[in-house]
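Take a look at the model first, then we'll walk through it.

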Amino acid sequence: MTMATSVQTLGQTTARAGDRLSAVAIAALLGLGLVFVAGFAPATVLHNAAHDFRHTQNYPCH
């Protein structure tokens, strides 16, 4: 007696398409969030954040 097995690839491609869609949605939300935060942040806050980042990367800024 032999057992036949079948492979369904349709479910795998659907899951991959769903993963891609969720990845694009998350990236879009993060991008819009960054634009929103940067747009409404005071200039001194943005300057200090960039200044601190330069120091963490050992980039000369003074």
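Which residue with a positive phi follows H2? That's asparagine 58, with a phi near 60°.

This is a predicted model, where local features need pLDDT of at least 70, side-chain atom pairs count only at pLDDT 80 or more, and totals for chains, interfaces and linings use all residues. Residues are numbered from 1 along each chain as its sequence is written, and side-chain values use heavy atoms, with hydrogens and water left out.

The protein has two helices and zero strands (DSSP runs numbered from the N terminus: H or I of at least four residues for helices, E of at least two for strands). Helix H2 covers residues 43-56, and its 14 residues reach 20 Å from first C-alpha to last, close to the 20 Å expected at 1.5 Å a residue (1.5 Å times one less than the number of residues).

Of the 62 residues, 0% are buried (buried is under 20% relative accessible area, exposed over 50%, partly exposed in between, with a 1.4 Å probe and protein chains only). Here are two exposed residues:

| Residue | Helix | Relative accessible area |
|---|---|---|
| Phenylalanine 40 | H1 (residues 10-40) | 66% |
| Threonine 56 | H2 | 56% |

Threonine 56 also uses its side chain to reach the backbone oxygen of phenylalanine 53, at 2.7 Å.

Conventions
A polar contact is a pair of N or O atoms within 3.5 Å; within protein, one must be able to donate a hydrogen and the other to accept it, and residues adjacent in sequence count only if both atoms are side-chain atoms.
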